[in-house]
Amino acid sequence: MKGLVLALTRYLTNHVIAHVPSYTVRHAWYRRIVGIEIGAGSALLLGQYIHIRGRSQPGKRGIVIGRNTVINQGCCLDGRGGLHIGDHVDISPGAWLLTDGHDLHDPAFPEVLAPITVGDYVWIGSRALILPGVALGEGAVVAAGAVVTRDVPPYTVVGGVPARPIGARSQQPCSRRRAYRPLFE
């Protein structure tokens, strides 16, 4: 019975709730049913795909999203290995943050979970892929289409496949944020 409930929850989360044009409904479902911690002023726009194992418990693996963070349309958020997204983060459309992989050196190909940590004021470009075990430092920028396989230091700009440093941001304190909630998103 537990497996059926989990399968139904996954289906409803990703194929029904993710497409409801109401922040109130989506965020209530994500918080109460899926167990995602969503900070004040944050917005998960339409079309998210969320990988879950079950309802997250406080202090355990799952998804935590800080304050004033925007996760644009069509992103994939994997909470199975633990996903922590900081404050004032911008994640562009179609980005994937995956915390689950497989050990390619083992003939049984077992599952390997590793958390992803996204620091405050990070910007992740469209169609970027962040792989398990990666930490993005405060103010880091991931270029569109980049595949991030290693940690990114604070205020570093990375791009390419695999992602490598291509620049740096000024280390001025980042200040910005107004609520971003477009109508019907």
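Colleague: Leaving aside neighbours within four places in sequence, which residues is Leu-136 in contact with?
Modeller: This is a predicted model, and contact here means heavy atoms within 4.5 Å. Leu-136 is one of the residues with the most contacts inside the largest nonpolar core. Leaving aside neighbours within four places in sequence, Leu-136 is in contact with Thr-117, Val-118, Gly-119, Val-122, Ile-124, Ile-130, Val-142, Val-148 and Val-152.

Colleague: How many residues does the largest nonpolar core have?
Modeller: Those with the most contacts inside this core are Leu-97, Ile-124 and Leu-136. The largest nonpolar core has 36 residues.

Colleague: Which element gives the largest share of this core?
Modeller: The elements that give two or more residues to the core are H2, strand E4 (63–65), strand E7 (83–85) and strand E12 (116–118). The largest share is three residues, and it comes from H2.

Colleague: Is H1 roughly parallel or roughly antiparallel to H2?
Modeller: The axes of helix H1 (residues 2–15) and helix H2 (residues 23–34) come within 11 Å and cross at roughly 160°. Angles over 145 degrees count as roughly antiparallel. The crossing angle therefore makes H1, relative to H2, roughly antiparallel.

Colleague: How do the residues of the contact of H1 with H2 divide into nonpolar, polar and charged?
Modeller: H1 passes H2 in a left-handed crossing. On the H1 side the residues are Thr-9, Leu-12 and Thr-13, and these meet Trp-29, Tyr-30, Ile-33 and Val-34 in H2. The residues of this contact divide into five nonpolar, two polar and no charged.

Colleague: Is Leu-83 buried or exposed?
Modeller: Leu-83 lies in strand E7. Not counting residues up to four places away in sequence, Leu-83 touches Gly-62, Ile-63, Val-64, Leu-77, Asp-78, Leu-97, Thr-99 and Ile-116. Buried means under 20% relative accessible area. Leu-83 has a relative accessible area of 2%, so Leu-83 is buried.

Colleague: What separates the C-alpha atoms of Leu-83 and Arg-61?
Modeller: Leu-83 and Arg-61 are 22 residues apart along the chain. Their C-alpha atoms are separated by 7.4 Å.

Colleague: How many Å apart in space are Ala-128 and Ala-95, C-alpha to C-alpha?
Modeller: Ala-128 is in the loop between strand E13 (123–124) and strand E14 (129–130), and is buried, with a relative accessible area of 1%. Leaving aside neighbours within four places in sequence, Ala-128 is in contact with Gly-94, Ala-95, Trp-96, Val-142, Ala-143, Gly-145 and Ala-146. Ala-128 and Ala-95 are 33 residues apart in sequence, and C-alpha to C-alpha they are apart by 4.8 Å.

Colleague: What is the phi of Arg-127?
Modeller: Arg-127 also has its place in the loop between E13 and E14. Arg-127 is exposed, with a relative accessible area of 66%. Arg-127 is not a glycine, although its phi is positive, at about 60°.

Colleague: Is Tyr-155 buried or exposed?
Modeller: Tyr-155 lies in the loop between strand E17 (147–148) and E18. Phi of Tyr-155 is near 60°, a positive value in a residue other than glycine. The cut-off for buried is under 20% relative accessible area. Tyr-155 has 8%, so Tyr-155 is buried.

Colleague: Which residues does Val-134 touch, not counting those up to four places away in sequence?
Modeller: Val-134 is found in the loop between E14 and strand E15 (135–136). Val-134 is buried, with a relative accessible area of 1%. Not counting residues up to four places away in sequence, Val-134 touches Pro-115, Ile-116, Thr-117, Val-148, Thr-149, Arg-150 and Asp-151.

Colleague: What is the omega of the peptide bond from Val-161 to Pro-162?
Modeller: Pro-162 has its place in the loop between strand E18 (156–159) and strand E19 (164–168). The peptide bond from Val-161 to Pro-162 is cis, with omega near -10°.

Colleague: Which residues does Ala-163 touch, not counting those up to four places away in sequence?
Modeller: Ala-163 is found in the loop between E18 and E19. Not counting residues up to four places away in sequence, Ala-163 touches Ala-146, Val-147, Val-148 and Val-158.

Terms used. Residues are numbered from 1 along each chain as its sequence is written. This is a predicted model: local features need pLDDT of at least 70, side-chain atom pairs count only at pLDDT 80 or more; totals for chains, interfaces and linings use all residues. Side-chain values use heavy atoms; hydrogens and water are left out. Axes are lines fitted to C-alpha atoms, for helices over the stretch in contact, and angles run from 0 to 180 degrees between N-to-C directions. Helices (H or I, at least four residues) and strands (E, at least two) are DSSP runs, numbered from the N terminus. Angles under 35 degrees count as roughly parallel, over 145 as roughly antiparallel, 65 to 115 as roughly perpendicular and the rest as oblique. A crossing is left-handed if the near helix is turned anticlockwise from the far one by less than a right angle, and right-handed if clockwise. Ala, Val, Leu, Ile, Met, Phe, Trp, Tyr, Cys and Pro count as nonpolar, Asp, Glu, Lys and Arg as charged, and the others, Gly among them, as polar. Buried means under 20% relative accessible area, exposed over 50%, partly exposed in between (1.4 Å probe, protein chains only). A nonpolar core is a set of buried Ala, Val, Leu, Ile, Met, Phe, Trp, Tyr and Cys residues joined through side-chain atoms within 4.5 Å.
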